[in-house]
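Please view the sequence and the model first, and then read the points below by topic.

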Amino acid sequence: MPVPTYLPHILYSTALTSVSIHLLWQRKAAEEDRARHNAQITILEDLTQQLRSGVPMADDEINRLRGLAQSHGEGGEAQRQSAGEIRWMDVIWGKKVVAKDEWEQRDLEQIRRELSKER
């Protein structure tokens with residue numbers, strides 16, 4: 001069976017489209033990470049200004065603000081991508097997304113550790 005003459009063009013255009021879509025997705029994810037980090041920074045800066053001003057604050061309010069600013073176990077991968085660096089393997093194969101169940105499990109383990117420290 002002869003190979004059609006347009007087959008390489010179809011393969012090249014499919015590969016180029018795939019790489020473009022993955023790269024765009026990685027850029028959007030990096031922008032979202034940057035926005036989340038900026039929000040965390042502003043929350044913590046506001047909290048420090050309120051604490052330094054001497055205005056009495058309830059412990060619940062402080063804990064709520066700290067909880068809002070707390071990152072959920074981000075490692076070097078998320079920090080590198082938020083800095084704008086995107087690896088070629090992520091462009092070709094896509095970024096592995098952590099399931100929400102894993103995040104919940106990590107949060108539960110952290111709470112258990114904190115409770116065991118208090119006892």
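**Overview**

From the N terminus on, the elements of the protein follow the order α-α-α-α-α. The secondary structure therefore comes to five helices and zero strands, as counted from DSSP runs. The model is a predicted one. Of the 119 residues of the protein, 13% count as buried.

**Confidence of the prediction**

- The mean pLDDT of the protein is 78, and 76% of its residues reach 70 or more.
- Among the elements, α1 has the highest mean pLDDT, at 90, while helix α3 (residues 76–82) has the lowest, at 49.
- Where pLDDT is low, the predicted coordinates should not be read in detail.

**Helix α1**

- Helix α1 spans residues 7–53 and has 47 residues.
- From its first C-alpha to its last, α1 reaches 69 Å, close to the 69 Å expected at 1.5 Å a residue.
- The buried residues of α1 are Gln26, Ala29, Ala30, Asp33, Gln40 and Leu47.
- Just after α1, Gly54 takes a positive phi of about 85°.

- Helix α2 covers residues 59–69, and Ile62, Leu65 and Ala69 are buried in it.
- These three residues cover an arc of only 65° around the axis, which puts them on the same side of α2.
- Asp59 and Asp60, on the other side of α2, are exposed.
- Gln70 is found in the loop between α2 and α3, and its relative accessibility of 35% makes it partly exposed.
- The C-alpha atom of Gln70 is separated by 9.5 Å from that of Leu44, although the two residues are 26 residues apart along the chain.

**Salt bridges**

- The structure holds two salt bridges.
- Side chains of opposite charge can pair when their charged atoms come close.
- Asp33 and Arg36 are three residues apart in helix α1, so about one helical turn separates them.
- Asp33 is buried, because its relative accessible area of 10% falls under the 20% limit, whereas Arg36, at 30%, is partly exposed.
- In the other salt bridge, the side chains of Arg64 and Glu61 meet at 2.8 Å, N to O.
- Arg64 and Glu61 both lie in helix α2, three residues apart, or about one turn of the helix.
- An α-helix has 3.6 residues a turn, so residues three or four places apart point the same way.
- Both partners of this pair count as partly exposed: Arg64 has a relative accessibility of 44%, and Glu61 has one of 31%.

**Nonpolar surface patch**

- Val3, Tyr6, Leu7, Ile10 and Leu11 form a nonpolar patch on the surface.
- Together, the residues of this patch have about 490 Å² of accessible area.
- Leu11, one of the patch residues, has its place in helix α1.
- Leu11 is exposed, because its relative accessible area of 53% is over the 50% limit.

How values were computed
Residues are numbered from 1 along each chain as its sequence is written. This is a predicted model: local features need pLDDT of at least 70, side-chain atom pairs count only at pLDDT 80 or more; totals for chains, interfaces and linings use all residues. Side-chain values use heavy atoms; hydrogens and water are left out. A salt bridge is a side-chain nitrogen of Lys or Arg within 4 Å of a carboxyl oxygen of Asp or Glu. Helices (H or I, at least four residues) and strands (E, at least two) are DSSP runs, numbered from the N terminus. Buried means under 20% relative accessible area, exposed over 50%, partly exposed in between (1.4 Å probe, protein chains only). Patches are made of residues with over 30% relative accessible area and no salt bridge: like charges are joined within 9 Å, nonpolar side chains (Val, Leu, Ile, Met, Phe, Trp, Tyr) within 5 Å. Accessible areas come from the Shrake-Rupley method with a 1.4 Å probe; for residues, only the protein chains shown count as cover. The expected span of a helix is 1.5 Å times one less than its number of residues. pLDDT is the predictor's confidence in each residue, from 0 to 100. The arc is that of the directions from the helix axis to the C-beta atoms.
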